[in-house]
Amino acid sequence: MPTILEIEDLRKTYGGGLEALKGVSLSVEEGEILALLGPNGAGKTTLISALCGITMPTGGRARVAGHDILEDFRAARALIGLVPQEVALEPFMKVRHTVEFSRGLFGLPRDDALVERVLRNLSLWDKRDAQTRELSGGMKRRVLIAKALAHEPRLLFLDEPTAGVDVELRRGMWETVDQLKADGVTMILTTHYIEEAEAIADRVGVINGGELLLVEETGRLMERLGRKELLIELHEPVDAVPEALSRYGLERVDDGARLVYSYDRSAERTGITQLLNDVQKAGLVLRDLSTRQSSLEEIFVDLVHGKDGSEARP
């Protein structure tokens, strides 16, 4: 697929010396969904603001479909749709007029058929003559997306699109994102919800302290960084891990009723067979065995903070 967004060493330093972006580089292919994960203050919104022309970067370059965001701002911005985190809508304006007005801001002619298609795709057509103040929180979020799509952008930014909405509405938003992807829209979304990245993103980027720590295909990231654990349930609890098993780094949990063995599932040898033999030799009787894969949330925490609590480095 062709590359629609190219970012090279993008930087943003504010007047007080705060480095909000520290040389971010990234390429995004047309039609993909990229989720940017990071804690508050990580630089997610600053990155989007720089790409959308809301704030000026202090270094580096970025191009949207070949158009430089500074040297060819108007052409680049015309290809971008932005769904902000804050719900800011004119309360007394009708839904369809809100979308029509957004299209007009880009100097485009009236297109009733396009507005209808956008509203129908977002399940807003039956609300087209309602004032935005009459809508639920989830519907208002959909109106924000409709506004962002009114000028037919090729790249859509969604900044915390499900912040502050309940689980049911969040899942409805995921379905909306799936539909947009089917329509060929490229999306970059920021989120605090790890499950969103796992559920809908093709790739996941982790950003912290203005630095992009990694960007990787979601499944591959789970495979490469996700630890797997073997849970050994014992017939009788143990007060301590036997010395003969010390080399396996077993963790004693549930008051000694279970032992946990962490291993790399991609390694040529996991050591499980030898471990089970040694468990038997140590006189421990097994009740049950089970495995579990670490979640993306655990991976994220490890990357951002490190296991010792220190901040991660790229």
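**Exercise 1. Work out whether Arg 63 is buried or exposed, then find its charged partner.**

Step 1. Start with the surface value: Arg 63 has a relative accessible area of 14% in this predicted model. The cut-off for buried is under 20%, so Arg 63 counts as buried.

Step 2. Now look for the partner. The side chain of Arg 63 meets that of Glu 6 in a salt bridge, with 3.7 Å from N to O. The pair ties together distant parts of the chain: Arg 63 sits in strand S4 (residues 59–64) and Glu 6 in strand S1 (residues 3–13), 57 residues apart.

Step 3. Check the other end. Glu 6 has 29% relative accessibility, which makes it partly exposed.

Step 4. Side chains of opposite charge can pair when their charged atoms come close. The structure holds 14 salt bridges.

**Exercise 2. Find which residues have the most contacts inside the largest nonpolar core.**

Step 1. Some background first: in soluble globular proteins, nonpolar side chains tend to be buried together. Here, buried residues make up 45% of the 314 residues.

Step 2. The largest nonpolar core has 40 residues, and Ile 145, Leu 156 and Met 187 are the ones with the most contacts inside it. Helix H5 gives the most to this core, with six residues.

Step 3. Zoom in on Met 187. Leaving out residues up to four places away in sequence, its contacts include Ile 33, Leu 34, Leu 156, Leu 158, Val 177 and Leu 180. Met 187 also touches Glu 32 and Lys 181.

**Exercise 3. Describe how H3 and H5 pack.**

Step 1. Two packed helices are described by the angle between their axes and the distance between the axes. For H3 and H5, the angle is about 30° and the axes are 7 Å apart.

Step 2. Next comes the handedness: H3 passes H5 in a right-handed crossing.

Step 3. Then list who meets whom. From H3 come Val 95, Thr 98, Val 99 and Ser 102; from H5 come Val 143, Ala 146 and Lys 147. These contact residues divide into four nonpolar, two polar and one charged.

**Exercise 4. Look at the backbone of Ser 123 and Glu 152: what is phi in each?**

Step 1. Most residues other than glycine have a negative phi. Ser 123 has a positive value, near 55°, and Glu 152 has a positive phi of about 60°.

Step 2. Locate them. Ser 123 is in the loop between H4 and H5, and Glu 152 is in the loop between H5 and strand S7 (155–159).

Step 3. Check their surface: Ser 123 is partly exposed at 44%, and Glu 152 is partly exposed at 47%.

**Exercise 5. Find what surrounds Ile 207.**

Step 1. Ile 207 is in strand S9 (residues 203–208). With 0% relative accessibility, Ile 207 counts as buried.

Step 2. Now look along the chain. Leu 37 is 170 residues from Ile 207, yet their C-alpha atoms are separated by 6.1 Å.

Step 3. Not counting residues up to four places away in sequence, Ile 207 touches Leu 37, Gly 38, Pro 39, Ala 42, Gly 43, Lys 44 and Leu 212.

Key:
Residues numbered from 1 in each chain as written. Predicted model: local features only at pLDDT ≥ 70, side-chain atom pairs only at ≥ 80, totals over all residues. Heavy atoms only, no water. Salt bridge = Lys/Arg side-chain N within 4 Å of Asp/Glu carboxyl O. Helix = DSSP H or I, 4+ residues; strand = E, 2+ residues; numbered from the N terminus. Buried < 20%, exposed > 50% of the residue type's maximum accessible area, 1.4 Å probe, protein only. Core = buried A, V, L, I, M, F, W, Y, C linked by side-chain atoms within 4.5 Å. Contact = heavy atoms within 4.5 Å. Axes fitted to C-alpha atoms, helices over the stretch in contact; angles between N-to-C directions. Left-handed = near helix turned anticlockwise from the far one by under 90°. Nonpolar A, V, L, I, M, F, W, Y, C, P; charged D, E, K, R; others polar.
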